[in-house]
Amino acid sequence: MLTLSCRQRCFGGWHERLVHASDVLSCEMRFAIYLPPFATKSNPVPVLFWLSGLTCTDENFMQKAGALRVAAELGLAIVAPDTSPRGEGVPDAPDGAYDLGLGAGFYVNATEAPWSKHYRMYDYVVTELPALVEQHFPVSSKRAISGHSMGGHGAMMIALRNPGVYSSVSAFSPICHPVKAPWGKKAFSNYLGDDRAKWEKYDTIKLLRESDIATVPPLMVDQGGDDEFLNEQLMPESLVVLAKEKDVRLDYRLQSGYDHGYYFVTSFIEEHLNFHYACLQGGGV
């Protein structure tokens with residue numbers, strides 16, 4: 001059951017924020033959807049799933065990215081889930097750190113206490129949320145996926161683990177190699193324990209190295225040249241080198257002068273949406 005929290009007219013379409021009881025996460029969840037004009041049951045539209053970064057909710061992208069005008073023009077729905085489970089009884093970082101717990105689900109299925117009951121964002125994004133959206137809204141089964149920072153990690157990892165499901169994947173400032181990044185090490189050790197084999201199931205570099213090239217969707221990555229997290233946390237060079245080795249369809253752009261924030265995202269989001277639309281229509285890079 002979905003409960004409408006708020007609804008706003010925007011560029012002729014509708015932005016809606018909804019609440020539902022998640023069976024996968026064992027808590028109440030919120031997500032946002034933008035439906036472009038003329039999206040109807042007889043004219044279902046494709047969907048871009050957007051995954052946000054650390055500390056964000058479903059609201060950040062919808063309010064800050066400037067994506068809805070372009071989505072309206074293209075006839076593309078956008079779905080933005082929260083970045084973690086929330087609510088009474090959902091564990092948080094004991095020291096209140098921003099990079100673990102609430103707002104920092106890392107799009108994995110946690111296996112360790114106290115996280116394993118609620119922190120199953122992988123299953124939520126891949127299975128539960130798309131089924132809910134397709135049941136209640138005029139959208140087709142055509143999907144693309146994108147994200148920022150932690151969400152960029154999530155988008156690339158999910159696309160690689162689910163060949164054939166997403167027509168394309170893009171990312172802004174993604175955590176490319178989380179098994180080696182401080183953010184990833186902290187999250188994975190807490191959520192997944194000490195078994196590195198579990199970590200590697202959620203690592204883009206490991207997954208790409210083992211992927212059949214024919215199943216890898218077209219990929220676009222924008223990285224800010226002045227991003228304060230570039231070298232220690234994001235490590236895009238590992239992705240660029242591997243993509244060249246495997247002849248992956250990667251459009252990587254290092255954008256001089258841009259940092260890690262939403263001014264960066266809004267500067268290039270139109271190009272990302274056009275990229276996804278072309279792939280959804282059967283084109284590509």
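Visitor: Buried means under 20% relative accessible area, exposed over 50%, and partly exposed in between (1.4 Å probe, protein chains only). Is Glu200 buried, partly exposed or exposed?

Guide: Glu200 is partly exposed, because its relative accessible area is 32%. Before we go on, this is a predicted model, where local features need pLDDT of at least 70, side-chain atom pairs count only at pLDDT 80 or more, and totals for chains, interfaces and linings use all residues. Residues are numbered from 1 along each chain as its sequence is written, and side-chain values use heavy atoms, leaving out hydrogens and water.

Visitor: Thanks! Which residue forms a salt bridge with Glu200?

Guide: That's Lys206, with the closest N and O atoms 3.7 Å apart. A salt bridge here is a side-chain nitrogen of Lys or Arg within 4 Å of a carboxyl oxygen of Asp or Glu. Lys206 is partly exposed too, at 25% relative accessible area.

Visitor: How many salt bridges are there in the whole structure?

Guide: The search finds 14. One of them joins the side chains of Glu270 and Arg69, at 3.2 Å from N to O.

Visitor: Where do those two sit in the chain?

Guide: Glu270 is in helix H10 and Arg69 in helix H2 (residues 68–74), so this pair links parts 201 residues apart. Helices (H or I, at least four residues) and strands (E, at least two) are DSSP runs, numbered from the N terminus. Glu270 is partly exposed at 36%, and Arg69 is partly exposed at 31%.

Visitor: What about Arg143, buried or exposed?

Guide: Arg143 is buried, with a relative accessible area of 15%. Its salt bridge is with Glu134, where the closest N and O atoms are 3.3 Å apart. Glu134 is partly exposed, at 32%.

Visitor: New topic, then: how many aromatic pairs does the structure hold?

Guide: It holds 14. Rings of Phe, Tyr and Trp (its six-membered ring) pair if their centres lie within 6.5 Å; planes under 30 degrees apart count as stacked, over 60 as edge-to-face, and the rest as tilted. Tyr119 and Tyr191 are stacked, because their centres are 5.4 Å apart and their planes are at 25°. Both of these tyrosines are buried.

Visitor: And how are the rings of Phe172 and Phe264 arranged?

Guide: They are edge-to-face, because their planes are at 85°, with centres 5.6 Å apart. Phe172 lies in strand E7 (residues 166–172) and Phe264 in helix H10 (residues 262–280), so the pair ties together parts 92 residues apart in sequence. Phe172 is buried at 0% relative accessibility, and Phe264 is buried with a relative accessible area of 0%.

Visitor: Which aromatic cluster includes them?

Guide: Trp50, Phe61, Phe172, Tyr258, Phe264 and Phe268 form one cluster together.
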